[in-house]
Amino acid sequence: MKRKIFELYEPTSLTDFLDFKKENPEETFVYVLQHPPRNVNILQASDYGYLVICLQQYSQAVISIAPFIRKMKKCLGQMTNKDYILGLGDPAIIGISTAIASDVTNGQFKFLKWDRQEMCYYPLEVDIYQKGI
């Protein structure tokens with residue numbers, strides 16, 4: 001379990017994250033699209049990599065989404081095909097962010113899916129263009 005959590009919406013966290021990623025190129029990261037509500041524990045996802053929380057809990061994609069897209073491109077711009085997405089929150093944010101991740105990783109990325117019965121995350125490997133991960 002990875003203990004360090006990066007909250008990219010905090011002023012210095014993006015710089016700290018980029019420095020950490022540069023110093024630790026072999027590490028994997030779980031990009032949590034929105035900060036979870038207090039009653040949702042996502043620490044089990046850190047078994048797959050360091051948690052990188054992109055947006056605050058109540059963020060929403062509104063009428064003008066261009067600023068949101070720029071922000072998410074900055075957050076997901078360092079993503080590789082060995083990293084994971086954990087989709088929480090606004091479905092529009094999840095959809096647009098997944099499209100951005102696909103663009104950054106040439107269609108190859110991983111998603112964490114929560115199984116309510118087993119009470120654990122399962123990794124899903126996505127290969128949009130069917131080129132093989």
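**Chatting about rings and cysteines**

Tutor: Let's start here: Phe6, Phe17, Phe20, Phe29, Tyr31 and Tyr50 form one aromatic cluster. Keep in mind that this is a predicted model.

Student: OK! How many aromatic pairs are there in the whole structure?

Tutor: A search of the whole structure turns up nine. One of them is Phe6 with Phe17, an edge-to-face pair with 5.3 Å centre to centre and 65° between the planes.

Student: Which parts does that pair tie together?

Tutor: Phe6 sits in strand β1 (residues 5–7) and Phe17 in helix α1 (residues 13–23), so the pair links parts that are 11 residues apart in sequence.

Student: And are Phe6 and Phe17 buried or exposed?

Tutor: Both Phe6 and Phe17 are buried.

Student: What about Phe20 and Phe29, why is that pair called edge-to-face?

Tutor: Their planes are at 85°, and over 60 counts as edge-to-face, so the pair gets that name. The ring centres are 6.3 Å apart. Phe20 and Phe29 are both buried too.

Student: Hmm, what's the closest cysteine sulfur to the one in Cys54?

Tutor: That's the sulfur of Cys75, 4.4 Å away. A disulfide needs the two sulfur atoms within 2.5 Å, so these are too far for a bond.

Student: Where do they sit, then: is Cys54 buried or exposed?

Tutor: Cys54 is buried, with a relative accessible area of 1%.

Student: And what's the relative accessible area of Cys75?

Tutor: For Cys75 the value is 5%, so Cys75 counts as buried, being under 20%.

Note on methods: Residues numbered from 1 in each chain as written. Predicted model: local features only at pLDDT ≥ 70, side-chain atom pairs only at ≥ 80, totals over all residues. Heavy atoms only, no water. Phe/Tyr/Trp six-rings, centres within 6.5 Å; stacked < 30°, edge-to-face > 60°. Helix = DSSP H or I, 4+ residues; strand = E, 2+ residues; numbered from the N terminus. Buried < 20%, exposed > 50% of the residue type's maximum accessible area, 1.4 Å probe, protein only.
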